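Here is a friendly note to read alongside the model. Please keep the 3D view open and find each residue as it comes up.

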Amino acid sequence: MFPSLRKLLLVALLFLFLASLPTSVQSQEPTPHSHGFLERHIAEQTIPAFAYGGAGARSVAALTGLTRWFTERIVDSVSASTDLLIDSNDIPHIVFQYRLNDFDATLKYGYYDGTNWQFYTVDTKRHLTNYFSFDVDKMGHVHISYCVYVPGMACDDLLYAHYDGVSWKYEVVDELGLVGQFSSIQADDRGYPHISYIDSTNYALKYARYDGFTWHTETVDDSAMGATSLALDSEGHAHIAWITRSEGTKYVYNDGVGWHGQRIGGNAFVRNFISLLVDAIDRPHVIYNDQDGLIHTYRDADIWHKETVSNCDYMEADYFSSALDELDNPHVTYSHCTTKQPIYAFYDGNAWQYETPPALGSLAVDKENRPHVTYYTYPGIVYATRVNDPGGWSALTFASYRDMNFEIYTAQGDGTNPVRRTAHGATDYTPEFNRGATQIAFVSTRDGNPEIYTMRADGTQQTRLTANVSGDYLPTWSPDGKKIAFYSSRDGNSEIYVMNADGTGQTRLTAHGAWDGHPTWSPDGSKIAFVSDRTGGDELWTMNADGSNQKQLSTGLGVAAYPDWSPDGLRITFNDDANYDGWLDVAVINADGTGLFHPLGYSPASYDFMAPVWSPDGMYLAFARLQWINYYGNWYWVDSYIHYATNLMGDPIINVLGDSGYDWWPDWQTADVAAPTSQVFAPTWSETVTFTVQWQGSDVGLSGLRFYDVQYRDGIIGTWTDWLTKTVKTSALFTGEYGHTYYFRSRAYDYAGNVESYLADSDASTHVYRYALTGRVLANREQPVFAAVVSSTPAALNVAMTNHNGEFTLYFDDAGIFAIEASRNDFNILPPMKYISVPYTTAPLTFYLPPADDAITGGNFEDGNLTAWAPSGEIMPVLTSTVHTGDAAVMLGGSFASTMLAPSWRSIIQQEIEMPSPPTSATLSLLYQVVEAEPISDTLEVHLIGATQTLTYTLPLAVNHWEHRWWDLSTWDNPTLTLQIVWYQSEMTRTAGIILDEISLGTAIQGVCSVYLPLVLRGSR
């Protein structure tokens, strides 16, 4: 049957049906709206539905399921090409053309600061083309390559703009011929840009790089025609893919010596689009389109692996954009070759998956592997983010007439899998989930009167909570699930009541002669919004949860109904009649009564957009799209679909949840009630007042992380202060003051509205110090000593512990003179290093811990005498206060008066020593400093004398600092030895000599143990 004939037949049947209805089931209202009309008259069965059924009677097509993309218009002006990038902190950046007229454009840059988009003008030159590319380096500085064109020809000059954190800088990179088309830019770890581009005069691929002083340009290939794409590997080496004039797609890389590459696919018919990406293990990925379709190829171990993303005919292929996620899997947006429908494709580790994004545009992927797209649609630029589908972590409940009686249904959050939960001959309607979607409160007439009932989400344990001769309506759960608010006229007038979740403690909250109804809780449970006509027309009011502090929220509405508070507590959606045509519109107002607007415009004539509710993430509004027909002064409802709308602040997108045509009273609630977790990471110490603080989080539920609050506290007893609120950033620069310790903590929010509780204490702390003192702690064989304790007197800000390299750092707020001490178990005691001046401007301090079984007596000379050393020689050794550690050391040599004639004068110390038993790893260690010496004629010797063997070591004298020497004595085969240290001085009148300190002989032990773990190799697909 032709559609027009079918429609005429259905209309005829409709009129016959309406004429046959008894007046007792027809509404006599001049319009289908009055106080409590819908919820009351449904209960009284005075608003009939059509009995003939049939999809042809319904006015909209059924489009089940939720879109996964959240969109917002970020630029409200005529624009053109856009380029999108997500930086290492998951902050989106865009560069775009701002069209002035058909020929001229301004180049602009923008980024999202965690709260709002910020935009800047980059360049206002005439004839700017859409051949631009940009990157953001590790310091957050922006780099843009672009060009101006000669009308009717190609790019004329390659230009470069750079924001250095203070202002924009501009340079001409190349102006030799027609250059700059299809440029592609990336900054290396030093913040230096690398650019690939086309020389259209010579059909050449060119490469430019900046070394911090000047630009270097070179021709890479002399057969280039189409797009280029550049990426840098982990060593900062450039990789380039481009489209040639006749050889299809080629790829090269620079290894620091020269260029190496090959043809990788395609033919002369490759389109003018190409994308090159380098993954975390330096594998190149190239995406291009040719006669075989849209191709992704990547090189692994010098082998190129090719796979087809889409097998569309290359002649119809269009623009595409690509990115790699955190797992190095590729993502691509492109348009279908025949339908031109935008497609988002991504590799999930096993196969390519395909979805439909809102439009085709520039693609980027964040750390959570979520895609973001920017695109132009008149009259501006839209930013779209793929969000976690609420269908997986939320639930929908509604009343439906699909069984020719109003019953309660539940479904997944995207409207799929609807299941009937009540089965009673009476009317069950206005259901509402508790938070968590485990319980449903609803109204039923099964006991002869509209009363409030609850049941489990699966329909079991249906329990009546109210019982009185007057009707009770619109139950709504408190956020904690402990109470239910509703309205009733049980006391002779419509008032707001509240009761416990089990029906006990029913308490009246309002007491006014006017009509009060339609309560809704604020998400924190502290307030209730409701509708009242106590000032004449219907208006929104609020009160505390106990009924106190009742205040009028709106003015001048005249009609207000069915409010619902947003999950973030900032807005309230409700019904009004904004254009006074008698049909309900969807309105949104700020929670303080300001900012009234109508995101969906006005409902069409004979349609109500009824009872709007927020999705659990606040990104959508669901409502019943209810169609009415008036027949001889009586109103009948034709159909009712549950719709949802997104992009509420821009151009709303409206779709349908479910396709029965009989569904009313939606309520949308989260099933995810688990709070996310987060943690702050900050440097323990900072030498600058500005330092980076980072944080990260995870969500055990399915809704996903949404944003963070970060607080700081100045000092251990300071007050916690908000630093960043509801930010999407995962790091930021914090500025403090010298001498202060700052403590940090965070809390995370997820899309389901769950909020982490702050820790009572901090996650991390940072002290901003003025001075640092560094050094190392070593053993007698100069092995690093791990976990040695280093402290100072007066006390530093910290007691340091050495790392695996024996390194330590002490921090100070004030300059001064300090004694530094190092120690560790398994070693002997070492005197402190005294009179260390902070700030310390010489070489780092070095401590040498003596062995625990040190066989030498008085080797650190702290006894105040040389008795243990039997000093002798023409120049007697003496104690000196020039030391390495402690208060004393020994000096050999020096100026003296003598009448003796000798080739040289000696200064000697010696000691009889028992060797460690066994002598394994036995080590002699000492420190010496040359005061003055003549290296040719003076000599410093160490003699080891035993019963059967003698060893002699001569030490170099061309040093003017403390020098450490050690000798391996593990092969010494005598139980004892005589250690003799002799200084030979050629002249007696010079201030010649050397100083010895910290002489030890004992077993060498390891200060740190190395552990070698097996190497795990990352496999390729």
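A strand here is a DSSP run of E with at least two residues, and strands are numbered from the N terminus. Please keep in mind that this is a predicted model.

1. Let us begin with E495, which belongs to strand 38, spanning residues 495-500. Is E495 buried or exposed? Its relative accessible area is 0%, so E495 counts as buried, because the word applies under 20%.

2. Now look at what surrounds E495. Its side chain forms a polar contact with the side chain of N493, at 3.0 Å. Leaving aside residues up to four places away in sequence, E495 also touches F486, Y487, S488, R508, T510, A511, H512, A514 and D516.

3. The S275 side chain makes a polar contact with the side chain of S322, at 2.4 Å. Among the residues that S275 touches, not counting those up to four places away in sequence, are S229, H285, V286, I287 and F320.

4. Next come the aromatic rings. How many aromatic pairs does the structure hold? The count is 52.

5. Y112 has a relative accessible area of 18% and is buried. W117, at 14%, is buried too.

6. Ring pairs can also join up into a group. One cluster is made of Y401, F406, Y562, W637, Y662, W664 and W665, linked through ring pairs.

7. Two arginines are placed over aromatic rings. The charged end of R490 sits over the ring of Y497, 5.0 Å from the ring centre. R534 lies over the face of W541, and here the distance to the ring centre is 4.6 Å.

8. Finally, look for the disulfide. Which cysteines does it join? The bond runs between C147 and C155, with an S to S distance of 2.0 Å. The structure's disulfide count is one, and both C147 and C155 are buried.

Conventions:
Residues numbered from 1 in each chain as written. Predicted model: local features only at pLDDT ≥ 70, side-chain atom pairs only at ≥ 80, totals over all residues. Heavy atoms only, no water. Phe/Tyr/Trp six-rings, centres within 6.5 Å; stacked < 30°, edge-to-face > 60°. Buried < 20%, exposed > 50% of the residue type's maximum accessible area, 1.4 Å probe, protein only. Lys NZ or Arg CZ within 6 Å of the ring centre and 35° of its normal. Disulfide = S-S within 2.5 Å. Helix = DSSP H or I, 4+ residues; strand = E, 2+ residues; numbered from the N terminus. Polar contact = N/O pair within 3.5 Å; in protein donor to acceptor, adjacent residues only side chain to side chain. Contact = heavy atoms within 4.5 Å.
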